Amino acid sequence: MTKKLFIQAMVKFLSGVLLVGLLIFLPAGTLSFWKGWLLMGILFIPMFIAGIIMLIKNPELLRKRLNAREQQTEQKQVIKLSGLMFILGFLLAGLDYRFTWYPLPDLVSRAAAVMFLLAYLMYAEVLRENTYLSRTVEVQQGQQVIDTGLYGIVCHPMYSATVLLFLSIPLVLGSVISFVVFLIYPVVIAKRIRNEEKILEDGLAGYSEYKKRVKYKLIPFIW
């Protein structure tokens, strides 16, 4: 554990808390938006715990994820689209609460919170199985194909987890309008996967054979 890495991680974490909080509560016009606090809790408490675990057990993985910078032009476009989706989705969820456009029942928010936490556990398992994971699309030195665990079911279990996570977010916030915006994410991820697989096939030995063994990308028996 290094002091510099800890400080870097905390600054990024607190910046994320502040940004998401502003995007949710400012358009809502109140801090009494309990679904907003529910999302903040299930999003940032597990994130903080996961960060501490990585800092202690695998600081190199944490460092890679903190310092990630996309080099591929196509992937930069994917990141920008995802960022716009988040900003618009959070803003609309807050406005939806303020003006009660199309509110969802509280039960939907609670069920979505459970789905979100289950997807978080799936994401944590992917991080445990694959220490080569990075926030950028690249082939790392010494990288090997992982084909066990969740990687024996679908080729991209990390993206499977993030699709569940991100589609849960607007439901936790109780906003149909925001959910429609977040439906952009599976399309964006499909674009990212196509580019990523091309890079892995070209640069990672055994990946083409792995794709033949594991036929599904995100959802078993579907795609």
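Start with the largest nonpolar core, which has 57 residues. A nonpolar core here is a set of buried Ala, Val, Leu, Ile, Met, Phe, Trp, Tyr and Cys residues joined through side-chain atoms within 4.5 Å. Buried means under 20% relative accessible area, exposed over 50%, and partly exposed in between, with a 1.4 Å probe and protein chains only. Select Ile24, Leu39, Phe90, Ile169 and Leu173, the residues with the most contacts inside this core. Helix H6 gives the largest share of the core, 10 residues. Helices (H or I, at least four residues) and strands (E, at least two) are DSSP runs, numbered from the N terminus.

The model is predicted: local features need pLDDT of at least 70, side-chain atom pairs count only at pLDDT 80 or more, and totals for chains, interfaces and linings use all residues. Residues are numbered from 1 along each chain as its sequence is written, and side-chain values use heavy atoms, with hydrogens and water left out.

Select leucine 39, in helix H2. Leucine 39 counts as buried, at 0% relative accessibility. Leaving aside residues up to four places away in sequence, Leu39 touches Ile24, Phe90, Ile169, Val172 and Leu173, where contact means heavy atoms within 4.5 Å.

Next, select isoleucine 169. With residues up to four places away in sequence again not counted, its contacts are Leu39, Phe86, Phe90, Phe116 and Phe182.

**Helix H3**

Move to helix H3, residues 59–66, and select Leu61, Leu62, Arg65 and Leu66, which are buried. They cover an arc of only 130° around the axis, which puts them on the same side of H3; the arc is that of the directions from the helix axis to the C-beta atoms. An α-helix has 3.6 residues a turn, so residues three or four places apart point the same way. Now show what covers the buried residues of H3, including helix H1 (3–28), helix H2 (34–57), helix H5 (106–129) and helix H6 (157–172).

**Helix H4**

Helix H4 spans residues 73–99 and holds serine 82. Is serine 82 buried or exposed? Serine 82 is buried, with a relative accessible area of 12%. It touches Tyr185 and Val188, not counting residues up to four places away in sequence.

Leucine 84 is also in helix H4, but counts as exposed at 56% relative accessibility. From leucine 84 to valine 181 is 97 residues in sequence and 9.8 Å in space, C-alpha to C-alpha.

**The second largest pocket**

Select Met122, Leu150, Ile153, Val154, Ser160, Val163, Leu164, Leu218, Ile219 and Pro220, which line the second largest pocket. On a 1 Å grid over the protein atoms alone, a pocket is an open set of points where a 1.4 Å probe fits, with protein on both sides within 12 Å along at least five of seven lines, and lining residues have an atom within 4 Å of a point. The volume is about 180 Å³. H6 supplies the largest share of the lining, 3 residues.

**Two positive phi angles**

Most residues other than glycine have a negative phi. Select threonine 100, in the loop between H4 and H5. Threonine 100 has a positive phi of about 45° although it is not a glycine, and is exposed, with a relative accessible area of 54%.

End at phenylalanine 221, in the segment after helix H9 (207–213). Phenylalanine 221 has a positive phi of about 70° and is exposed, at 73% relative accessible area.

Methods
Grid points are joined across faces, edges and corners, and a volume is the space filled by probe spheres set on the points.
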